[in-house]
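Trainee: I would like to learn how to read an interface and a strand pairing. Can we work through a case?

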Amino acid sequence: MSNKNRLIKILQGNEACVEGAILAGVRFFAGYPITPASEIAEGMAVRLPELGGVFMQMEDEIASMAAVIGASLAGVKAMTASSGPGICLKQENIGFAAISETPCVIVNAQRGGPSTGLPTKPAQGDVMQARWGTHGDHPMIALAPSEVSEILYMTIKAINFSEKYRTPVMLLLDEVIAHMREKVSLPFPEDIEVIDRKRPTVDKEKFLPYKADTDLVPPMADFGSGYRYHVTGLIHNEKGYPTSNTQEIDQLIRRLTNKVELNKKDIIIEENYFLEDAKVAIIAYGSVARAAQRTVKLAREKGLKVGLLKLITLWPFSEETINKLAQQVDLMVVAEMNLGQIVREVQRAALGECRVIPYGRVDGELINPIEILTKIEEEIKL
Amino acid sequence: MSLKGNLKNYENEKILITVNEEWCKTCGICLHFCPKKVLVANEKGYPEAKNIADCILCMLCELRCPDFAIKVEKKESIVSHGQQNRDLED
Amino acid sequence: MIKDITQYFRKEMFPHIWCPGCGNGIVLGAILRAIHSIGWEKDEIVMVSGIGCSSRITGYVDFNTMNTTHGRALPFATGIKMANPKLKVIAVMGDGDCAAIGGNHFIHSARRNIDITAIIINNMIYGMTGGQYSPLTPTGKYGSTAPYGNIDQSFDLAALAASAGASYVARGNIFDVSQITRFIKKALLKKGFSVVEVISDCPISFGRINQLRTPVQMLEWIKSISVSKKVWEKLSKEEQVGKIPTGEFLDIDIPEYTEKYQNICINIQQERRGK
């Protein structure tokens, strides 16, 4: 694992996403042009044919999502990338991926919204959409990296989670980290963990496509592998056939949610900065976490006991960490580029143990370290 | 028909017509369009091959049955292969 | 035991859910006879459908099957085919499914000329949702959302597919099952995007509101409006109104998408190795 011989590159966030995906084994990408995510498609269009993989520019966002699911069912790791308006269009098929338990990764390089909004400016307004954008009860995993090299690693994580838990995974970037260039030390393939979905080992005649193992995840067969089965968006039984049996319906919906909820420990990734003695905690994610890190430094220079909890996994939510932290600190400032999305989750998890206040910005500009600090100072004086 | 169900056989020395009354929904297509009026509805509406002697093995009832509920077989070909491909061989 | 088309059934799923006299079962029979006649293995066949009555078709057959979202059978099928071009991919759609919500995918699948067979069961109505008019409801006919008669023009799906770039296009009806079986067989064997539209019935949702209440009445009507392509071409514009031409409209050999893509991969890999 020596860093010495690693290839060092200056990569854009979107390019790092491409590299991560390829390292994780993605060999199918379908997409549709949209700012600020297009560079991912462009990168895939160059790289995948070199590896015998498939790049497709589809007729629309809906078709891209559909093609990704189709490819995944045929046994190939598959991914798509878009931004807010495109993610809206993909939602129905994201739900299909959730209920059919088809691994796939959806990158959302967030821009200002609603609607066409601010195509070339960053925002974090799609956090709740990532969680609840498709209808019905369903699991969701969403990761929000904040540096270019982190994008590379979190893309790998996203692919791995989708394979391991057979569920769609969202990678939430924003316009700034998607387009920003930073130094990345490219890992060797042997240095990274790559997870492939479980394939069935039972006799083909005995195969029950939606019978889960003890980890709540059923083994998944590739179309054409001899395990013939039916995939449907209808609520289905273990055989994969539509059912209206209340018990079977309940079992499926609860299992889908539980396979993520009960594996939170594995899925939740978070980082602490100076939280040990902190009396004020900043909660941030994505590019805002970079500013918040600086805020912590500035605050400490002033003698203020400020720390940062950087959330990388946004869904499932870090309830336990927040709850513990709320018992330690007097104040939590949730800084995000929206008018209050994760802050509500933080408030819910804090259970009234400390004050939780939002700091939001929605003018298309990044939140800077000083303004977070100013907010903290104002709040402390109160 | 190899499927379980409420199978009714109608036959003579040349032809076997099987009606699966469990699958048949009594839509009446086979009865109406049988060119030789071989099939007649029984009291429940299911087709009965009353006039099997007139059957010319055109297979139209089988081809048009939406429910896979009627099968017409020429007895000598039953073991070798079914009639499925006759229409494709031209 | 006779080796007939029931070998392709998921037998526990029968009897199927379709209404008495529904053409979906007739088309399913035609598809299975065509497959049987070709002799493809079950393992290599993928059947994909969208949403609607016709889309339930995939639940009944013992292939690799998929009942996807409304209108999206073709892009799902495209992903499967591109990921594994060896698979024989068939998309079965209804008329609303294919021509309204899925219309964009239909023309673009044709444009790519990807080796997928699209079978459209056109019953001219949204049957499952209760008889709303579709893009293929004939002008003047009634639907639950066209209570005063449909003023929309209907698509000519065959012409649409042909002009968009498909390799094989044919139209038949559920009355002439031998013909559609023959068309489907040719479509399945065609390298490229192949389309078979089958004019079908819906005694419940289309028939009831259009005075064609029984399956027999519906089939008689379908028979009466269908004319062969040859006859159609000789009719005047006025005589063509209300009639539907059947037959083969296109059968050409043009480069196929998965092969073109594989060539790209081979070329670039050779070029990279050469460096």
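The dialogue below takes the interface, then the strands.

Mentor: This is a predicted model, where local features need pLDDT of at least 70, side-chain atom pairs count only at pLDDT 80 or more, and totals for chains, interfaces and linings use all residues. Residues are numbered from 1 along each chain as its sequence is written, chains are lettered from A in the order in which they are written, and side-chain values use heavy atoms, without hydrogens and water.

Trainee: How many residues of chain C are in contact with chain B?

Mentor: Contact means heavy atoms within 4.5 Å. Here 35 residues of chain C touch 27 residues of chain B.

Trainee: What is the area buried between chain C and chain B?

Mentor: Interface size is often given as the accessible area lost when the parts come together. The value is summed over both parts, with a 1.4 Å probe. For chains C and B, about 2,800 Å² is buried, and carbon and sulfur atoms give 66% of that.

Trainee: Which residues form a salt bridge?

Mentor: The rule asks for a side-chain nitrogen of Lys or Arg within 4 Å of a carboxyl oxygen of Asp or Glu. It finds 1 across this interface. Asp4(C) pairs with Lys71(B), with the closest N and O atoms 3.5 Å apart.

Trainee: Which strands pair with β10(C)?

Mentor: Strands are DSSP runs (E, at least two residues), numbered from the N terminus. Pairing needs at least two bridges found by DSSP. β7(C) (168-173) runs antiparallel to β10(C) (244-251), with 4 bridges. Tyr168(C) has Asp251(C) as its bridge partner. β9(C) (226-228) pairs with β10(C) in the parallel sense, over 3 bridges. There, Val227(C) is partnered by Pro245(C).

Notes. Buried area is the accessible area (1.4 Å probe) that two parts lose on being put together, summed over both.
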